[in-house]
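Colleague: I would like to learn how to read a model like this one. Can you take me through it feature by feature?

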Amino acid sequence: MVFEIIWIIVGFCLLMKGADFLVDGSSSVAKRFHIPEIIIGLTIVSIGTSMPELFVSITSAMEQHSDMAVGNVIGSNVCNLLLILGLSAIIMEIEFKRETRLIEIPLTLVVTIILFVICNVGANITRIEGAILISLFVLFIGYTIYMGKKGEQFEKKDTLVEVQTQKQGSAIKAIGFIILGIVGLKIGGDVTVNHAVTIAQTLGISEKVISLTIIAIGTSLPELVTSVTAAFKGDSDIAIRKYIRVEYL
């Protein structure tokens with residue numbers, strides 16, 4: 001059991017480091033094409049923090065562990081909402097911007113209802129329904145880019161994003177980072193899922209329980225670090241917006 005837990009921790013480390021490499025490499029390539037920094041921050045960097053969940057869920061689905069795939073998504077969102085946002089609020093009271101209250105939170109509720117309907121009209125999520133979810137995600141990214149170009153407050157305060165997107169290097173180095181990131185995410189996802197399944201089988205509990213707890217918290221570590229760090233620095237807007245973007249992913 002201890003051996004399996006150690007391997008899961010190794011998997012989490014590979015997932016987080018792989019996400020870092022992928023974000024750094026992608027940001028460098030995007031900058032070479034003169035893509036505005038705010039757009040890079042609102043898309044590549046934000047999506048990058050959700051790469052661990054993405055690769056774990058995809059790996060689980062491909063290996064026919066559907067309970068773990070769904071459980072990871074649900075557990076990670078619950079972790080973001082309760083644990084990460086709660087810790088951030090304890091460190092510093094979080095102030096909601098007007099557009100967050102009137103637009104982004106209602107949109108989150110609408111997307112949650114849509115997912116609820118999709119999950120209850122049949123025994124599985126079909127490819128068509130998956131395409132619908134991806135389309136909604138693309139629409140939200142479009143909305144985010146529009147708000148970024150419009151000059152909302154968050155791009156002025158999102159210093160964590162600026163720090164991450166300032167890293168540049170040669171084109172070969174950037175591509176190398178992207179490749180290393182993808183490899184790290186893939187290996188990390190495989191290691192995490194395989195050993196989590198072994199733990200579930202050993203303890204005689206369902207894979208969903210493991211994914212809702214251990215896996216969900218582990219894959220949410222990038223968001224946890226980002227939001228708590230932002231709260232310590234007094235940037236409450238980063239914490240709440242980071243959480244909302246992750247919910248759409």
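Modeller: Gladly. Bear in mind that this is a predicted model. Helix 5 covers residues 98-120, 23 residues in total. From its first C-alpha to its last it reaches 33 Å, close to the 33 Å expected at 1.5 Å a residue.

Colleague: Where does helix 5 kink?

Modeller: At Glu 104, by about 30°.

Colleague: What span should helix 4 have?

Modeller: Helix 4, residues 66-91, has 26 residues, so at 1.5 Å a residue it should span 38 Å. Its end C-alpha atoms are 36 Å apart, which agrees. Helix 4 has a kink too, of about 35°, centred on Asn 80. Asn 80 is buried. Other buried residues of helix 4 include Gly 71, Gly 75, Cys 79, Ile 84 and Leu 85.

Colleague: How many helices and strands are there in the protein chain?

Modeller: There are 12 helices and 0 strands. Of the 249 residues in the chain, 45% are buried.

Colleague: What should I look for in the interior?

Modeller: In soluble globular proteins, nonpolar side chains tend to be buried together. Here, the largest nonpolar core has 17 residues. Leu 15, Met 51, Leu 185, Ala 196, Ile 210 and Ile 215 touch the most other members. Helix 1, helix 3 (51-62), helix 9 and helix 10 (207-219) each give two or more residues to this core. The largest share, 6 residues, comes from helix 9.

Colleague: Is Phe 12 buried or exposed?

Modeller: Phe 12 counts as buried, because its relative accessibility is 10%, and the cut-off is under 20%. Phe 12 lies in helix 1. Now look across the chain. Val 56 is 44 residues away from Phe 12 along the sequence, yet their C-alpha atoms are separated by 9.9 Å.

Colleague: Which residues form a nonpolar patch on the surface?

Modeller: Val 2, Phe 3, Ile 6, Trp 7, Val 10, Leu 14, Ile 175, Ile 179, Val 183 and Ile 187. Together they have about 880 Å² of accessible area. Helix 1 (2-32) and helix 9 (171-203) are the elements that give two or more residues to the patch. Helix 1 gives the most, with 6 residues. Ile 179 has its place in helix 9.

Colleague: And charged pairs? How many salt bridges does the count come to?

Modeller: The count comes to 1 salt bridge. Lys 186 pairs with Asp 190, and their closest N and O atoms are 2.6 Å apart.

Colleague: Why are Lys 186 and Asp 190 separated by about one helical turn?

Modeller: Because they are 4 residues apart in helix 9. Lys 186 counts as partly exposed, at 37% relative accessibility.

Colleague: One more feature, the backbone angles. Which residue other than glycine has a positive phi?

Modeller: Look at Gln 64. Its phi is near 65°. Gln 64 lies in the loop between helix 3 and helix 4.

Colleague: Is Gln 64 buried or exposed?

Modeller: Gln 64 is exposed, because its relative accessible area is 69%, and exposed means over 50%.

Terms used. Residues numbered from 1 in each chain as written. Predicted model: local features only at pLDDT ≥ 70, side-chain atom pairs only at ≥ 80, totals over all residues. Heavy atoms only, no water. Expected span 1.5 Å × (residues − 1). Bend = angle between axes of the 7 residues up to and from the residue. Patch = residues over 30% accessible without salt bridge, like charges linked within 9 Å, V, L, I, M, F, W, Y side chains within 5 Å. Areas by Shrake-Rupley, 256 points an atom, 1.4 Å probe, with all protein chains shown as cover. Salt bridge = Lys/Arg side-chain N within 4 Å of Asp/Glu carboxyl O. Core = buried A, V, L, I, M, F, W, Y, C linked by side-chain atoms within 4.5 Å. Buried < 20%, exposed > 50% of the residue type's maximum accessible area, 1.4 Å probe, protein only.
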